[in-house]
Each structure stands twice: as structure tokens, then as C-alpha cells.
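Please keep the sequence and the 3D view open while reading.

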Amino acid sequence: MDDCVFCAIVAGRTPAATVLSDDVAVGFLDARPVFKGHVLVVPRTHVETLSDLPVADVGPYFQRVREVARAVEEGLGVAGTFVALNNRVSQSVPHLHTHVVPRDRKDGLRGFFWPRVKYADDGEAREYAERIQAAVKKSTT
């Protein structure tokens with residue numbers, strides 16, 4: 001897409017500090033990192049969300065995410081990584097991208113970035129699980 005900033009990076013029209021580039025994905029440093037070394041991994045093909053990524057491309061894409069997570073740990077000497085993606089909500093660029101954020105203990109990042117909630121009881125949790133299970137069954141039939 002001509003107006004997608006990540007497509008422009010993939011095509012080489014917009015410069016980025018690239019850490020991985022192959023026929024499946026491109027990984028580059030986030031311009032506004034949570035911590036230095038924060039990498040975004042994007043598929044070369046423009047898709048907006050994980051659900052839009054063709055099934056055949058999911059495995060190869062996440063193999064690249066896995067490799068970048070390993071490389072961030074090894075290359076930066078950090079204790080681990082936080083790997084995450086957003087689908088539409090909080091997705092600043094409408095092109096699928098996975099964040100690989102370097103982590104160390106006591107780095108100041110506290111769990112997830114949002115408040116947590118509790119289910120009223122086990123019955124409410126089961127109701128949510130059943131609704132999601134029904135949608136999973138629907139999408140696999």
C-alpha cells in the first residue's frame with residue numbers, strides 16, 4: 001500500500017534500522033522504543049491484523065519473530081523479551097507488526113500496560129470461555 005509507513009520501510013522507500021530482512025518479513029528498530037533495542041517485525045505482504053495473515057504464512061512469520069526474540073536476547077545481553085502485537089485497538093500503524101521488547105529484571109516495565117480485571121465468579125469465566133470456544137469451532141468448520 002502506498003500510504004502505509006511499514007510498506008514504505010519494507011520497500012526501502014523509508015529508511016529504518018533493519019535487523020532482519022528476507023522474503024517473509026522485515027524487522028527494524030521501533031522509532032519510539034519502550035527500551036533501546038525494541039524491534040518491530042512485519043510481514044512483507046500488507047495485512048492489517050493477524051487474522052488477515054494467510055494461514056500458510058503464520059508459521060514462517062512467527063519463525064522470524066522467534067529468531068528476532070532470540071537475537072535481541074543474545075545481541076543485547078538481556079534477560080528476556082516481551083513479545084506482543086495489537087489487532088486494530090492500539091495498533092498505531094494498520095499493518096500487522098509484532099513488538100519484540102528487550103527485558104531485564106527490575107527494568108521498570110510492570111507486567112502488562114493496562115489494568116487487570118477479575119471475573120465475578122467461575123460461572124462468568126465459563127460463560128466467556130464458552131463464547132470463545134463457539135467462535136473457535138465456527139472458524140474451524
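Predicted model: local features only at pLDDT ≥ 70, side-chain atom pairs only at ≥ 80, totals over all residues.

Residues are numbered from 1 along each chain as its sequence is written, and side-chain values use heavy atoms, with hydrogens and water left out.

**Strands**

- Helices (H or I, at least four residues) and strands (E, at least two) are DSSP runs, numbered from the N terminus.
- Two strands pair if DSSP finds at least two bridges between them.
- Strand β1 (residues 18-21) pairs with β2 in the antiparallel sense over three bridges, and three residues lie between the two strands of this hairpin.
- β2 is also joined to strand β3 (residues 39-43) by five bridges, again antiparallel.
- G27 of β2 is the bridge partner of L20, and G27 also stands opposite V41 in β3.
- Four of the five residues of β2 (residues 25-29) are buried (under 20% relative accessible area; exposed is over 50%, partly exposed in between; 1.4 Å probe, protein chains only).

**Nonpolar cores**

- A nonpolar core is a set of buried Ala, Val, Leu, Ile, Met, Phe, Trp, Tyr and Cys residues joined through side-chain atoms within 4.5 Å.
- The largest such core has 14 residues, and V39, V41, Y61, V68, V72 and V100 have the most contacts inside it.
- β3 and α2 (55-76) each supply at least two residues of this core, and α2 gives the most, with five.
- A second, separate core has ten residues, among them F6, V26, V42 and V93.
- Leaving aside neighbours within four places in sequence, Y61 is in contact (heavy atoms within 4.5 Å) with residues including V24, V41, L53 and H97.

**V19**

- V19 is in strand β1 and counts as partly exposed because its relative accessibility is 48%.
- Not counting residues up to four places away in sequence, V19 touches G27, F28, L29 and V39.
- The C-alpha atoms of V19 and L29 are 7.4 Å apart, although the two residues are ten apart along the chain.

**H97**

- H97 lies in the loop between β4 (80-84) and β5 (98-103).
- H97 counts as buried because its relative accessibility is 3%.
- A polar atom of the H97 side chain lies 2.7 Å from the backbone oxygen of H95.
- Beyond neighbours within four places in sequence, the contacts of H97 include F6, V41, V42, Y61 and Q91.

Technical notes. Polar contact = N/O pair within 3.5 Å; in protein donor to acceptor, adjacent residues only side chain to side chain.
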